[in-house]
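Good morning, everyone, and thank you for making time for this short talk. Please look at the sequence and the picture first, and then I will walk you through them.

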Amino acid sequence: LEVIVPMRIDAQYKKLNFNGNADVYARGNIVYDPVSTIIKITDISYVATSDKFIFRMVNLLYYHDIIQALEDFMQFDIQSELNDGLDLLKIEVENYNKEFSFVKGNVHTLKLNRMELLPEGGKGYLQLNGKIRLLT
């Protein structure tokens, strides 16, 4: 899925007595890596608009460096969110165990195997590992 990320960059350079900002529109593709649990934006290009000459010059001189910085910045590790989800799921399973005496179980792991990003939102394919036992 291709996305456009709007940003505003504020800059201050004391040696030149400069203050200013630029609007940046970054475009790229969202990719999920299930091994590292990182969502990142790849194949980034951007357009920067500013009425300040210095920003236009920096954009021309450092375009590829700025792209590399944007790619490094636009990476999001979601492992902590998966861990939080697992903790909440374990609490719910424990509550279920207390409420119904004929079912017992637990959950050990929660993993996001694949992610589809659609214009209307994201769709995740989760894998749960654990045990559920029906008591007779």
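**Burial and overall form**

Of the 136 residues in the protein chain, 21% are buried, where buried means under 20% relative accessible area, exposed means over 50%, and partly exposed lies in between, with a 1.4 Å probe and protein chains only. Before I go on, please keep in mind that this is a predicted model, in which local features need pLDDT of at least 70 and side-chain atom pairs count only at pLDDT 80 or more, while totals for chains, interfaces and linings use all residues. Residues are numbered from 1 along each chain as its sequence is written, and side-chain values use heavy atoms, with hydrogens and water left out.

Now to the overall form. The protein chain has a radius of gyration of 23 Å, whereas a compact globule of 136 residues would have one near 14 Å; this radius is taken over C-alpha atoms, and the globule rule is 2.2 Å times the number of residues to the power 0.38. Along its principal axes, the C-alpha trace spans about 80 × 30 × 25 Å.

Which elements build the chain? There are three helices and six strands, and from the N terminus on they run β-β-β-α-α-β-α-β-β; helices (H or I, at least four residues) and strands (E, at least two) are DSSP runs, numbered from the N terminus.

Tyr13 is partly exposed, because its relative accessible area is 42%. The C-alpha atoms of Tyr13 and Leu134, which are 121 residues apart along the chain, are separated by 68 Å.

Next comes Thr37, in the loop between strand E2 (18–33) and strand E3 (38–49). Is Thr37 buried or exposed? Thr37 counts as buried, because its relative accessibility is 8%. Not counting residues up to four places away in sequence, Thr37 touches Tyr32, Phe76, Asp77, Ile78, Gln79 and Leu82, and contact here means heavy atoms within 4.5 Å. With Asp77, the side chain of Thr37 also makes a polar contact of 3.0 Å, that is, a pair of N or O atoms within 3.5 Å, where within protein one must be able to donate a hydrogen and the other to accept it, and residues adjacent in sequence count only if both atoms are side-chain atoms.

Finally, Ser50 sits in the loop between E3 and helix H1 (53–61). A polar atom of the Ser50 side chain lies 3.3 Å from the backbone oxygen of Asn21.
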